[in-house]
Amino acid sequence: MNYKLNKLSTLFLGSAIAASTAFGAGTLEKIMKERGLTESDVIRAAKTYLPTGGRDEFVIFSSGGQSGQMIVYGVPSMKILKYIAVFTPEPWQGYGFDEDSKAVLRQGNIRGREINWGDTHHPALSEVDGKYDGKWLVINDKANPRVGVIDLGDFETKQIVVNPILKSDHGGAFFTQNSEYIIEASQYAAPFDNNYHPIEEYKETYRGAITMWKFDSKIGRIQEDKSFSIELPPYMQDLSDAGKGVSHGWGFTNSFNSEMYTGGIEVGMPPFEAGCSRNDTDFLHVYNWEKLAELAKDDKNVKVVNGHRIVPMDVSIANNALFLIPEPKSPHGVDVSPDGEYITVCGKLDTHASVYKWSKIKKLIDDKKFVGKDPYGIPILDMKESLHGQVELGLGPLHNQYSNVDGEIYTSLYVDSQIVKWNYKTLKVLDKENVHYNVGHLCGMEGKSADPQGKYIISLNKLAIDRFQNVGPLHPQNHQLIDISGKKMDLLYDMPIPLGEPHQAVAIRAEKLHPHVRYKMGTNTKTGKPHKGKTLAGQEKIVREGNTVTVYGTMVRSHINPERITVNKGDTVIMHITNLERAEDETHGFTVDHFDVHMSLEPGETSTIKFEADIEGVFPYYCTEFCSALHLEMMGYLMVKDPNKKYVSAQKLKMQTMSPEQLKAEYDKTVAVNAATDEVIQSVVKFLKENGYDKYPVVVELVTDALDQYGQIKGEKAKADAAVKAGDMEKAILFENMIWQYMVKTADVGIRAKDLLVKKIATKQSPAAERGARAFDEGGCSGCHVVGKVSSGPDLTGVLQRHENAEKWVSDFILDPEKMFKDPYVKGMIDYFNLKMPNQHMNKEEVKDIVEYFKWIDENANLF
Ligand code: CUK
Ligand code: CUA
């Protein structure tokens, strides 16, 4: 075996096995050859591969661009975990299709109009001391200036806030270092009020602004009445960042049209893009939001537009709270270093990154050393005296992220399609890596917090061009994962993003997130409070008031209560449904066909749908999540009658029914099946009790759920027996069937509890036994053998006791079964199962491991 492959097999299989075997390398070598993979490919694969059931180190929240949603995925695996609906209806989660989520979505109405999309750009995670706390996530909508607030307790959008004075935004969302405020800056300057103002009055009546949204990080809501905006010149403010550490209390926002050019291509003026990049420099806005927040509390310091408090420029100037610093033309992005001392600005049309130093800026401000004023009277600081230095990076530098190495910064080069690693203190370029193609933002691991984690950078590329299977002219976006742990960057993985253009993503250590698995019974998840339609088992009802029919219903595996609802055409139908489940991942979906309604009910959740039953007919409603073996049966009928119509009865055509003898036979059969099923349940119960399930809370939860189901049986049995007494065998059969349903549900969860308990109490597998288990599964043995059961092949529990010199016997048989087909024992097996044990081409190492696995099985034989 050559050296390289030996090294690889070490990497994959762990030193224990690599020391001895040709198997790992042989197989790996074969796959590499077949798939044309290089050694680096395989190393990269190993760096990102996440085995089944594994967890990633980081969780990424990416903007979903024009989809108005967010994308959640893991790093390093790049596995997509969830889309979070924010500004756009999302049917799976019922977002915008049930009344409670609609209430959130409709908070985003602007001037009374529904907006059903968003252009999401910049997500931000809540902070404590500049570090992510894993509690809240916010994101801006550039097109319709709004901010959405997501609760990381359940990854749902809880609030949408419309900016009352901006007509577009971009420089948000950014948390200040203790989540006191969320910064949101305008993009395209416009009048604050909602009136028409001629473009000729641009300089007089069009304005930019920074809105400081007050955030209550206890409840995770923006407090609109405690928020305010800072009036700015119409310079087209671009991106922002909050100061931290030494610069805490201050904010930074750049701009790209200090020319205040307004275009006019249609009247023979040069286009907007030419006029707004005429000057060599634009302005970085530096503002003391902490001071302005105090000022804004006093009515005499603010003007109020559309009910929103704005601090006018002259007030900010008079209070030494607003300054400008020239920055290279058409900048994009401003990023404050983890300690708050260095502020890096890159210019799209400049090849440099400019690093400003906070202590220099602060000194100029304190000394009132200004080089002039802009047309609005805002003091301007000298650029050179504010700068720490500039570095030539390449074409089209845009956005920055930090790593855990002091002074290390990563910058995207849009035009060059590269990532540059450099040092913002020494101003030295260290490394470059090609990306594919045209990168916008970068996402470092907590890379914009006060505590960057290093390890990886994700390049959020605008174009994918030739990277993926062609899916038509609209290509996916390309997120590329780069390993930054070494001296040189190493591109590991391409992930197509099929959902809009994600401008920015933020990453957090996975262990900082603690989402819950169920809600308190009857919760309105959007408010976190008990839902007004909360309904417990047995409380289900249908209430009619005039033309309104209100249903209080429940769902639990596997039925919906009620199962029939009849209303008159023209009625308003309101359905409150509660998911009574407590088991993890037992979500039920709910829809009524034809009425454009849907809700996703997670365990414990109550939600509401509402519609006009304005068409006559019969409309099935059903559960839309495959929630149990009897999911398809989880349905009911909404029947809408026209009150002005006479319906002819179809009674005469009634179907022939069964004879009393047939009914009795069916009844007996059903009762017998139930008795047999109950035996299985009792054996599981016995197992659970004997093995002390009550010591394991997760198992107890499942058992409680199973017993809930089982507890229903008594009532059903009484009804069945009453029906037998009354001579109604048909009804008796139905109730007996219901008993069986409860038994199946009990067994379903009960067996899950048993499997879980087995995992908890079985002896620990040795590494060899673990490898053997894997070889057993992956080598195909489990296709015929089920441990603890006779299946298509014999039960292997105790196989090492069944033969003399058994370890050798079993090993020989696996290695070359055919040789032993004549052995009388084997022959007997072949006859019994009508199957010959195939040669799975295991090697000796694997067989040795499998024997160890069998020993482990025998050790735990009582559990199978
Ligand atoms: S922006 Cu899109 S790449 Cu909106 Cu932050 Cu720079
Ligand atoms: Cu509930 Cu399917």
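A residue is called buried when its relative accessible area is under 20%, exposed when it is over 50%, and partly exposed in between, as judged with a 1.4 Å probe and the protein chains only. The structure described here is a predicted model, in which local features need pLDDT of at least 70 and side-chain atom pairs count only at pLDDT 80 or more, while totals for chains, interfaces and linings use all residues. Residues are numbered from 1 along each chain as its sequence is written, and side-chain values use heavy atoms, with hydrogens and water left out.

The nonpolar interior may be considered at the outset. A nonpolar core is taken as a set of buried Ala, Val, Leu, Ile, Met, Phe, Trp, Tyr and Cys residues joined through side-chain atoms within 4.5 Å. The largest such core has 39 residues, and Leu688 and Phe854 are those with the most contacts inside it. Two or more residues each are given to this core by helices H11 (660–690), H12 (697–711), H14 (729–761), H15 (767–778), H16 (806–815), H17 (824–833) and H18 (844–859), where helices (H or I, at least four residues) and strands (E, at least two) are DSSP runs numbered from the N terminus. Helix H18 supplies the largest share, namely seven residues. When neighbours within four places in sequence are left aside, Leu688 is in contact (heavy atoms within 4.5 Å) with Tyr693, Val699, Val703, Ala753, Lys754 and Leu757.

In helix H7, which spans residues 289–296, the buried residues include Trp289, Leu292, Ala293, Leu295 and Ala296. These residues cover an arc of only 160 degrees around the axis, which puts them on the same side of H7; the arc is that of the directions from the helix axis to the C-beta atoms. An α-helix has 3.6 residues a turn, so residues three or four places apart point the same way.

Charged side chains provide a further set of links. A salt bridge is defined as a side-chain nitrogen of Lys or Arg within 4 Å of a carboxyl oxygen of Asp or Glu, and the structure holds 43 of them. In one of these, the side chains of Asp335 and Lys448 meet with an N to O distance of 2.6 Å. Because Asp335 lies in strand S18 (331–336) and Lys448 in the loop between strands S28 (439–444) and S29 (456–461), the pair ties together parts that are 113 residues apart in sequence. Both Asp335 and Lys448 are buried.

A salt bridge is also formed by Lys512 and Glu446, whose closest N and O atoms are 3.1 Å apart. This pair links distant parts of the chain, 66 residues apart, with Lys512 in the loop between strands S32 (505–509) and S33 (523–524) and Glu446 in the loop between S28 and S29. Lys512 is partly exposed, with a relative accessible area of 22%, whereas Glu446 is buried at 1%. In the helical part, Asp849 and Arg771 meet in a salt bridge of 3.0 Å, N to O, and join helix H18 to helix H15 across 78 residues of sequence. Asp849 counts as buried, at 5% relative accessibility. Salt bridges that share partners also join Arg557, Glu581, Glu586, Asp705, Asp748 and Arg752 into one network.

The backbone shows several features that call for comment. Most residues other than glycine have a negative phi, and most peptide bonds are trans. In this model, however, a cis peptide bond joins Val75 and Pro76, with omega about 15 degrees, and Pro76 is found in the loop between strand S2 and strand S3 (80–85). The peptide bond from Gly172 to Ala173 is likewise cis, with omega near 10 degrees, and Ala173 lies in the loop between strands S7 (156–162) and S8 (174–175). A positive phi, near 40 degrees, is found for Ile465, a partly exposed residue with a relative accessible area of 48%. Asp596 also has a positive phi, near 55 degrees, and counts as exposed at 63% relative accessibility; its place is in the loop between strands S40 (588–592) and S41 (599–601).

Note on methods. Chains lettered and ligands numbered in written order.
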